[in-house]
Amino acid sequence: MVLDFPLTVVTAPLFSFVISFVSILWLINARSNWLLDQPNRRSLHAKPVPRSGGLGVLSGIIITWLLYGVTLPAALWIGIILLMTISFIDDIRGASVSSRLLMQLAAAVIFVIGFLQDYHYEWWLMLCIVLMIVWMSNLYNFMDGSDGLSGGMTVIGFGFYGWFALLQGNHHFALINLAIAAAALAFLLHNFYPARIFLGDVGSVPLGFIAAALGVIGWADGLWSGWFPVLVFSPFIADATVTLIKRMLRCEKIWLAHREHYYQHL
């Protein structure tokens with residue numbers, strides 16, 4: 001199949017890659033003690049590593065989106081800003097579980113009401129979507145614990161979003177997603193073992209939110225079925241969900257950090 005698409009679908013991801021790569025390189029060289037991830041009993045790294053990579057990834061994405069004039073729901077922007085803010089605070093000095101969950105819930109509700117109100121879906125379906133977005137935001141953070149894992153999933157997941165949008169002839173939505181995949185690829189070059197930088201909560205939580213939100217947008221606009229985003233991000237969803245269910249059945253405190261994910265066993 002020969003795809004016919006505008007040059008911006010190529011130049012935007014390239015621009016996103018360059019901005020993210022340079023930003024992340026600067027963050028690596030500008031180490032600060034308050035942004036270092038100190039090893040602990042659950043860590044897979046042995047020495048302190050900067051956890052500010054998400055700032056570089058999101059800078060590439062957001063600058064590219066603004067430069068290329070992409071059209072996104074205002075509710076999505078609000079959600080991204082809210083989650084970047086609380087997650088950055090958590091990376092710097094820590095934030096309570098309740099405050100993080102409240103902000104994630106607020107971001108999901110604002111997005112669902114702001115974007116889906118004109119689609120007239122049943123209330124129970126919108127509630128399910130809210131819970132799904134909150135869970136995706138969290139599980140992306142849970143799975144961000146091994147070199148190359150979250151970066152690789154982001155490249156693959158949003159790469160498939162972009163590719164499928166191209167196949168459907170929606171070049172605008174393809175550009176949005178391919179810019180994310182390109183920014184993640186720039187991060188991945190710094191995150192392969194031994195990682196020189198981590199995403200941090202400021203990267204993983206908003207990326208999980210964006211993955212869920214763009215999946216909902218593509219579904220609502222008829223680009224794909226509701227199962228497509230689940231299938232694309234199934235490695236993360238399956239691991240995190242099965243692990244959570246197992247811990248709940250054992251009556252463990254599921255809000256506490258642990259080392260029981262399948263990727264951690266591997």
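**Figure 1. Helix H5 and the second largest pocket.** H5 gives the most to the lining of the second largest pocket, with seven residues. Helices are DSSP runs of H or I with at least four residues, strands are runs of E with at least two, and numbering starts at the N terminus. This is a predicted model, in which local features need pLDDT of at least 70 and side-chain atom pairs count only at pLDDT 80 or more, while totals for chains, interfaces and linings use all residues. Residues are numbered from 1 along each chain as its sequence is written, and side-chain values use heavy atoms, with hydrogens and water left out. The pocket has a volume of about 450 Å³. Its lining counts 20 residues; Met132, Val216, Gly226, Pro229 and Val230 lie nearest the centre. Helix H5 (123-142), helix H8 (201-220), helix H9 (227-232) and helix H10 (234-249) each give two or more residues to this lining. By class, 17 lining residues are nonpolar, three are polar and none is charged. Here Ala, Val, Leu, Ile, Met, Phe, Trp, Tyr, Cys and Pro count as nonpolar, Asp, Glu, Lys and Arg as charged, and the others, Gly among them, as polar.

Figure 2. Rolling a probe the size of a water molecule over the atoms shows where empty space is left. On a 1 Å grid over the protein atoms alone, a cavity is a set of points where a 1.4 Å probe fits but cannot get out; a pocket is an open set with protein on both sides within 12 Å along at least five of seven lines; lining residues have an atom within 4 Å of a point. Points are joined across faces, edges and corners, and a volume is the space filled by probe spheres set on them. The count comes to one cavity of 30 Å³ or more. The largest cavity has a volume of about 40 Å³. Ile86, Ser87, Asp90, Arg100, Gln104, Asp201 and Val205 line it. H3 has the largest share, three residues. The lining holds two nonpolar, two polar and three charged residues.

**Figure 3. The salt bridge between Arg100 and Asp90.** The side chains of Arg100 and Asp90 meet in a salt bridge (3.8 Å, N to O). Arg100 lies in helix H4 and Asp90 in helix H3, so the pair ties together parts that are ten residues apart in sequence. A salt bridge is a side-chain nitrogen of Lys or Arg within 4 Å of a carboxyl oxygen of Asp or Glu. The count comes to one salt bridge. Asp90 is buried, at 15% relative accessible area. Arg100 is partly exposed, at 23% relative accessibility. Buried means under 20% relative accessible area, exposed over 50%, and partly exposed in between (1.4 Å probe, protein chains only).

**Figure 4. Ser16 in helix H1.** Ser16 sits in helix H1. Ser16 counts as buried, at 0% relative accessibility. The C-alpha atoms of Ser16 and Ile63 are separated by 7.6 Å, though the two residues are 47 apart along the chain.

**Figure 5. Val10 and a nonpolar surface patch.** Val10 belongs to helix H1 (residues 8-29). Val10 is partly exposed, at 37% relative accessibility. With Phe5, Leu7 and Leu14, Val10 forms a nonpolar patch on the surface, with about 380 Å² of accessible area together. Patches are made of residues with over 30% relative accessible area and no salt bridge: like charges are joined within 9 Å, nonpolar side chains (Val, Leu, Ile, Met, Phe, Trp, Tyr) within 5 Å. Areas come from the Shrake-Rupley method with a 1.4 Å probe; for residues, only the protein chains shown count as cover.
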